[in-house]
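Open the model in your viewer and keep the selection tool at hand. The stops below go from a sheet to a chain contact and end at one residue.

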Amino acid sequence: MTFLDYAPAPESRAILDLKPSYGLFIDGEFVDGHGEGFHTISPASEEAIAEIAAGDEHDVDLAVRAARRAYERVWSRMSGSDRGKYLFRIARLVQERARELAVAESLDNGKPIKESRDVDVPLVAAWFFYYAGWADKLDHAGLGPAPRALGVAGQIIPWNFPLLMLAWKIAPALAAGNTVVLKPAETTPLTALLFAEIVQQAGLPAGVVNIVTGAGETGRMLVNHPDVDKVAFTGSTAVGREIARAIAGTHKKVTLELGGKAANIVFDDAPIDQAIEGIVNGIFFNQGHVCCAGSRLLVQESVHEEVVDRLKARLSTLRLGDPLDKNTDIGAINSAEQLQRIRQLSDIGEAEGAERWSAECAIPDRGFWFAPTIFDNVSTSSRIAREEIFGPVLSVLTFRTPDEAIAKANNTPYGLSAGIWTDKGSRILAVADRLRAGVVWANTFNRFDPASPFGGYKESGYGREGGRHGLAAYLAPPAATPRRTAAGAERSIASRSASGGLENETSRADARTTISETPSADTDTRREGVTATRASRSSSKSASKKGSAK
Amino acid sequence: MTLDLARTVVGSELSERSLRGFVLGLPGVDAVGLEQRAAGLATRSIKTSSKKRALDTIVSLIDLTTLEGADTPGKVRSLVAKAVLPDPSDPSCPQVAAVCVYGDLAHVAVEALGAHHTASGGSIAVAAVATAFPSGRASMGVKLADTADAVAAGADEIDMVIDRGAFLSGRYGEVFDEIVAVKEACRRPDGTSAHLKVILETGELATYDNVRRASWLAILAGADFIKTSTGKVSPAATLPVTLLMLEVVRDWHRLTGELVGVKPAGGIRSSKDAVRYLVTVAETAGERWLDPHLFRFGASSLLNDVLLQRQKLATGHYSGADYVTID
């Protein structure tokens with residue numbers, strides 16, 4: 001035995017107090033689902049963790065109705081500072097239960113505990129803290145005075161960062177005064193259900209947050225529910241397209257955060273050791289199950305060999321295994337389907353002539369695993385250079401000049417993120433300016449902060465999450481017709497008490513209309529990439545009123 | 001011989017200009033990334049059997065040090081006794097790698113070690129600081145005499161300081177030449193040579209780029225070890241600086257096949273900290289470096305904390321400061 005064969009250091013599962021089965025979380029209570037239940041399994045051992053209910057059309061309808069009721073009766077009438085208090089409370093509860101959430105996340109998702117403990121859960125708390133602070137400051141979100149909440153948000157999240165994506169969706173929606181129905185991914189519902197417990201613990205009014213578990217079909221029902229005002233989706237481009245088609249012509253606003261095939265550009269003057277770390281963090285973080293992963297390494301030809309050699313040496317020190325072991329660097333692939341896809345694309349890469357290299361590591365007998373893999377001498381036309389693999393597989397391409405690097409980096413249907421490694425500050429700025437990607441990291445990769453907007457170009461989706469921009473996805477400028485809304489109600493009480501709040505709303509909205517013939521709400525919708533006519537908007541409004549009149 | 005390697009790496013002429021071109025041509029260090037990597041390594045969880053092994057390894061890598069103006073022969077003898085038998089209650093405890101003292105007390109350490117001294121077939125070496133330690137502010141002649149004196153007194157290892165003034169004003173050739181000269185002064189009449197540890201005093205070099213440049217200069221000039229600090233300047237050893245220096249010796253090994261050691265010194269007081277250094281060594285340069293010939297801790301109070309942790313592992317409970325000896 002050598003020193004590097006670290007003795008097992010597993011995080012204890014004793015902190016988890018899981019129920020054998022979980023229902024749907026609707027209107028503040030766990031209720032039985034009417035669909036066919038399923039088991040969520042640990043991808044590291046394939047053992048069943050808990051039985052999960054599946055929501056059918058009726059359940060989704062119940063959840064949306066509960067959300068509508070909570071929106072109309074409580075949440076939209078509550079002052080921003082009070083909404084903020086609830087969000088702060090949730091953030092603190094997340095911190096208090098951080099270890100438990102981290103263990104649950106690693107168990108259900110397969111990601112290493114060091115990532116769920118040091119990245120996912122702290123960011124979840126940070127997201128709630130950040131948006132809690134915005135709840136009473138919506139006037140300053142850059143959308144003009146007294147922006148309106150949208151209503152009921154239907155949110156569908158992926159399995160790669162289950163709890164973090166939940167936070168990205170729920171925190172801004174609630175801060176802006178919306179209520180939500182969230183559907184977690186089929187393979188990773190566990191932490192969302194623990195979050196439902198936190199929602200109860202925080203005393204959040206019933207119906208403000210509803211969680212409906214299930215497969216893709218449940219998500220489809222949520223998207224298509226007529227009383228949903230906003231759809232927020234993170235996941236694959238294929239499903240994103242389907243959603244965009246489904247809501248086209250309706251009043252629903254949409255935010256799509258889809259796939260990516262990010263270029264990580266390493267120039268010859270890069271801080272080489274840190275660049276190696278950044279490449280590793282870019283593609284092997286979370287087993288490469290990251291939409292913004294730096295899956296295409298673009299390295300300057302003059303340092304190509306050195307970078308690849310160093311990268312291989314570094315990968316040989318990565319530890320693959322039990323996600324709950326504190327020393328594990330690479331956990332399990334989330335599902336058998338995903339593993340299948342990674343294998344398939346890797347085989348294609350090899351068949352297309354790229355040089356395949358995998359770190360030597362013992363693969364456990366059970367569970368879904370894939371050793372960190374590099375493909376060298378990949379051509380731009382290769383499928384592994386164009387398609388999102390969503391696994392621990394890096395494609396290495398070379399370039400000669402900055403122009404070539406930029407051209408190759410942009411030569412993808414995606415545009416979510418990119419990385420630049422150079423010691424030269426001016427080059428960072430010049431190159432970043434020409435990269436068509438929503439996030440550009442310089443001398444780092446895969447770093448997230450609630451204050452920083454995140455989102456894509458082209459097939460990576462539209463709309464932004466995070467920061468002030470993330471609020472815009474859940475707010476609309478003041479309505480042309482008077483409508484009592486969260487921000488409006490607050491404003492009328494707080495600063496405009498002298499004149500009638502509603503009258504004031506009207507006059508301000510009128511002033512806006514005179515400036516532009518185009519109603520501002522429509523401009524906003526178009527910016528989000530969906531054409532919605534004014535007619536459909538107003539008809540939907542009456543529809544939503546119908547839905548709530550009960 | 002070593003300068004031949006330097007010529008292979010830098011070029012046939014080892015001039016001020018060529019050395020300057022070489023060190024300034026080294027890849028930069030991104031401070032945020034380096035510190036992030038060090039923080040990542042520090043999260044490794046070393047438990048049970050690995051911890052036991054780590055604690056013993058730490059003891060065997062310690063340069064047990066006393067470098068005070070108030071040092072006396074009696075203090076040095078006491079230090080040596082501790083080095084020989086770190087834990088009187090547990091004879092299985094390994095001995096430390098070396099004792100580190102001022103040059104004028106080297107002979108006291110040699111005498112006190114007796115059969116335990118490496119020169120007499122034992123396993124403990126005597127390290128002496130030299131070259132106007134800790135500031136290095138003296139003329140070349142004085143520094144060389146200081147070194148030769150300590151070697152003559154029986155020191156097996158010389159811990160020299162670089163001329164930070166020369167380095168910071170960009171006279172890299174001068175720093176290089178001085179190390180070469182001190183290395184020469186380490187020679188014994190019988191042709192063998194005391195090992196040379198080159199202290200960079202990273203706390204005064206201030207930037208990571210400087211630390212990388214100084215590390216390369218020292219290695220090119222023939223250092224057997226590169227050492228972070230004198231322990232007299234704050235900050236002394238830090239994990240990111242040590243990680244960076246380990247990356248340099250790793251790169252040097254890849255380039256030339258030669259092995260150079262690293263010694264963080266000053267500020268490492270707890271077992272927990274020291275274990276993080278072991279992890280960093282093993283995962284950066286390789287496990288091969290976890291050997292007294294290639295890695296040392298310059299420390300004094302660290303030893304007792306490690307002994308307390310060893311006792312805890314053996315007995316299952318914590319004892320206390322009075323259950324380990326002061327030196």
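Two strands pair if DSSP finds at least two bridges between them. Helices (H or I, at least four residues) and strands (E, at least two) are DSSP runs, numbered from the N terminus. This is a predicted model: local features need pLDDT of at least 70, side-chain atom pairs count only at pLDDT 80 or more, and totals for chains, interfaces and linings use all residues. Residues are numbered from 1 along each chain as its sequence is written, while chains are lettered from A and ligands numbered from 1 in the order in which they are written.

**The sheet.** Select the strands of chain B. Its 8 strands form an open sheet with parallel pairing, in the order 7-6-5-4-3-2-1-8. Strand 7 (261-263) and strand 8 (297-299) of chain B each have a single partner strand, so one side of each lacks a neighbour in the sheet.

**One strand pair.** Go to strand 1 (residues 62-65) of chain B; 3 bridges join it to strand 8 of chain B, in parallel. Pick B:D63: its bridge partner in strand 8 is B:G298.

**The chain contact.** Now show both chains. Residues are in contact if their C-beta atoms, placed from the backbone, lie within 7 Å. Chain B contributes 25 residues and chain A 21 residues. Helix 4 of chain B gives the most to the chain B side, with 6 residues.

**Last stop.** Select B:Q309, in helix 14 (residues 302-315) of chain B. Buried or exposed? B:Q309 is buried, with 21 other C-beta atoms within 10 Å; the cut-offs are 20 or more for buried, 12 or fewer for exposed, and partly exposed in between, with C-beta atoms placed from the backbone. Leaving out residues up to four places away in sequence, B:Q309 touches B:L55 and B:S271.

Definitions and conventions:
Two residues are in contact if their C-beta atoms, placed from the backbone, lie within 7 Å.
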